[in-house]
Amino acid sequence: MKALIVGCALVFATACQAATNESDFAEGMLERLRTAMPEAELRLSPDDPLVIEMEVEGKWDSSRVNLHRLHNYCDHAAPD
């Protein structure tokens, strides 16, 4: 179920319009995911600016949202 919510948040987000760099993009997506999943513990990865980590059963390394492809798409998509 969480994967469905995450997928919907990523698909319907207007991140392409607002992203200027990796950090801004990731912050925007993190904010959207926190809104979509208020019960989830989420953070940006300290090792990669385009990865959002999710805490699952007390562990941070087991579940990640990789934003690389989405950011690449948005970076190259036409504004219209």
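R43 comes out at 31% relative accessibility, so R43 counts as partly exposed. Keep in mind that this is a predicted model.

What does R43 do with its charged end? That end sits over the ring of W60, 4.2 Å from the ring centre. R43 also forms a salt bridge with E53, and the closest N and O atoms are 2.7 Å apart.

Now E53. Is E53 buried or exposed? E53 has 1% relative accessibility, and therefore counts as buried. The cut-off for buried is under 20%.

E53 has another partner. R64 forms a salt bridge with E53, with 3.3 Å between the closest N and O atoms. Here too distant parts of the chain are linked, R64 being in strand β3, residues 59–66, and E53 in strand β2, eleven residues apart. R64 is at 44% relative accessibility, so R64 counts as partly exposed. Through shared partners, the salt bridges join R43, E53 and R64 into one network. Searching the whole structure gives two salt bridges.

On to the nonpolar side. The largest nonpolar core has 14 residues, and those touching the most other members are F25, L42, I52, V65 and L67. Helix α3, residues 22–36, and strand β2, residues 51–56, each supply at least two residues of this core. The largest share is from α3, with five residues.

And aromatic pairs: how many are there? The search of the whole structure finds zero.

Key:
Residues numbered from 1 in each chain as written. Predicted model: local features only at pLDDT ≥ 70, side-chain atom pairs only at ≥ 80, totals over all residues. Heavy atoms only, no water. Core = buried A, V, L, I, M, F, W, Y, C linked by side-chain atoms within 4.5 Å. Buried < 20%, exposed > 50% of the residue type's maximum accessible area, 1.4 Å probe, protein only. Helix = DSSP H or I, 4+ residues; strand = E, 2+ residues; numbered from the N terminus. Phe/Tyr/Trp six-rings, centres within 6.5 Å; stacked < 30°, edge-to-face > 60°. Lys NZ or Arg CZ within 6 Å of the ring centre and 35° of its normal. Salt bridge = Lys/Arg side-chain N within 4 Å of Asp/Glu carboxyl O.
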